[in-house]
Amino acid sequence: MIFPAPHARETIASYGYRIARLSGLTSLPELVHLFDLDLRALLMGDRHSVENLARYTGCDPQALVRGALDASNPRRLQLGADPRNKVQCAPDRYRFCPACLGGLADGDLRSACLGRTDWLIDANHVCAEHGLRLMTVLPRKAARMQHDLSPLIPKLIAARAAPWQPGRPTTLEHYITERLDGVHSGRWIDDVQLDVAIHTAEVFGAMAMRGPQGDWKGISVDERREHAHLGAEVLIKGPAAIKDFLRTHIGHGRRGNDYHNAFGRAFNEFYFRKDQPAYRPICAVLAAYVGETFRFTGQEKVFGIRTRGVEPKTLRSLCNCHGIGLKITVQVLKAQYGLRVGIGASSEVDPDLIADLAPKLKDLLNAQDAARQLGVSVDVVRGLIGDGLLVPDHRFNDRMVGFSAATLESFLDDWCSAGKPPSGGQAIRTPIQTVARANRVRVSRLLIAARAVGGALYRDRRKRGLTGVTVSHSCMAALVERAKAHVDSCPSGHSDPSCLR
């Protein structure tokens, strides 16, 4: 028996056939039968079968493992023992390097290499050993696992006579060779399954050359190879380079948070594969880019991964995040900072500025909202403030004030709930606002006068705010007279509640 040394990345089918022919046998199945091995298990890289063959031939088992295949998927190969080295193949053709065949025509099988694992990969088009374009022959029967290379020998010799075409390996083809040789440099892409890295590189290259919205139909083999070269240069550099690439070719998109449209045809390439574990690292990087770039305030799944959009910059979204009122924030920005910001969804402001104002404006109501809470007009609220009955929680300037809900409730409890309906029948009462309008006095001054008269006000708790405060007809005349006397004594309009007591 003659046992030559295996070539780098040589398939087990090629190595076994060379041993058989050099030892006087006709085919690989005869060699396997002689060594009492299972042919299918050997080609699939069964550990015990490979170790037994390596013990017979006296070579390193690791050299043979790199050429082992996996027949679990007829369209996919697992090259070697590393489960991440899974790639797509084409079972209807057999590719080879004419220089690697060596003296095959002369019967010299010691130096010839009939098959390498990198020839089986669709994305690889150049021999890494000699820098030549791979040539193609069509087997009689389409089969990914060549159990016996004997029928292919005449076709290989005939095809080898054709002119050889030189070629330089692209970035992706050079990386494929490193992966098959077991070279790992601690790069992020080394943990990604090989066929996923190849597919992602092709998609990224197509985005760069044709644009996200471009037509991807009719891409030739050479164009796909060029796409893979451009995409591999991005993938090898890591997630930061991937995000920079996406910002250049995708950006923020033209439709706000519609990242589906911004990714274009590339979106479906990853979305419909998001549930495959091999695609999770790629989808995680894409989801992180979408979360860092596109604007949506809630959490949602991007490529199957829950993420959160960029921090909102519009005034409405910032107010919702901090729990402050939109109108009072607009007025504060105008009064204190001179910023005229609309309340529309497209108005953007500095998030740090709103964060500084948030503690002051938290749960505050402006004069309009306070008037709505009390059930009166804004003029009535301004009168209450001017007469000192309603004290704002914050006074930003002469016209801008803010109230908390607790302050408004305390005001109603202090000034509007002293009286109780008289017993023994329904008393005749009129709403205090109606009395104020009929006698041309402020509601605030009627409230002050009610403290001096006593027993004039009653509260209907079925109504909200001052709309439920009524004046008894028996005390109405004295209440109005005391309120008008207060107006005459304080012509400036700034009343002192203590003067009526």
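## A salt bridge at Asp387

Arg445 and Asp387 form a salt bridge, their closest N and O atoms being 3.8 Å apart; the term means a side-chain nitrogen of Lys or Arg within 4 Å of a carboxyl oxygen of Asp or Glu. Arg445 lies in helix α21 and Asp387 in the loop between α18 and β8, so this pair ties together parts that are 58 residues apart in sequence. Helices (H or I, at least four residues) and strands (E, at least two) are DSSP runs, numbered from the N terminus.

The model is a predicted one, in which local features need pLDDT of at least 70 and side-chain atom pairs count only at pLDDT 80 or more, while totals for chains, interfaces and linings use all residues. Residues are numbered from 1 along each chain as its sequence is written, and side-chain values use heavy atoms, with hydrogens and water left out.

Asp387 is in the loop between α18 (378-386) and β8 (394-395), and Arg442 is in the loop between α20 (432-439) and α21 (443-453), so the pair joins parts that are 55 residues apart in sequence.

Asp387 is buried, with a relative accessible area of 1%. Arg445 also counts as buried, at 7% relative accessibility, whereas Arg442 is partly exposed, at 37%. Buried means under 20% relative accessible area, exposed over 50%, and partly exposed in between (1.4 Å probe, protein chains only).

## Salt bridges around Arg9

A search of the whole structure finds 22 salt bridges. One of them joins the side chains of Asp118 and Arg9 (3.8 Å, N to O). This pair links distant parts of the chain, with Asp118 in the loop between β3 and β4 and Arg9 in the segment before α1 (12-22), 109 residues apart.

Both Asp118 and Arg9 are buried. Together with Glu129 and Asp181, they are linked in a network of salt bridges.

Arg116 is in the loop between β3 (94-96) and β4 (135-137).

A polar atom of the Arg116 side chain lies 2.5 Å from the backbone oxygen of Ala8. Leaving aside residues up to four places away in sequence, Arg116 touches His7, Ala8, Arg9, Glu10, Thr11, Cys100 and Glu129, where contact means heavy atoms within 4.5 Å.

Methods:
A polar contact is a pair of N or O atoms within 3.5 Å; within protein, one must be able to donate a hydrogen and the other to accept it, and residues adjacent in sequence count only if both atoms are side-chain atoms.
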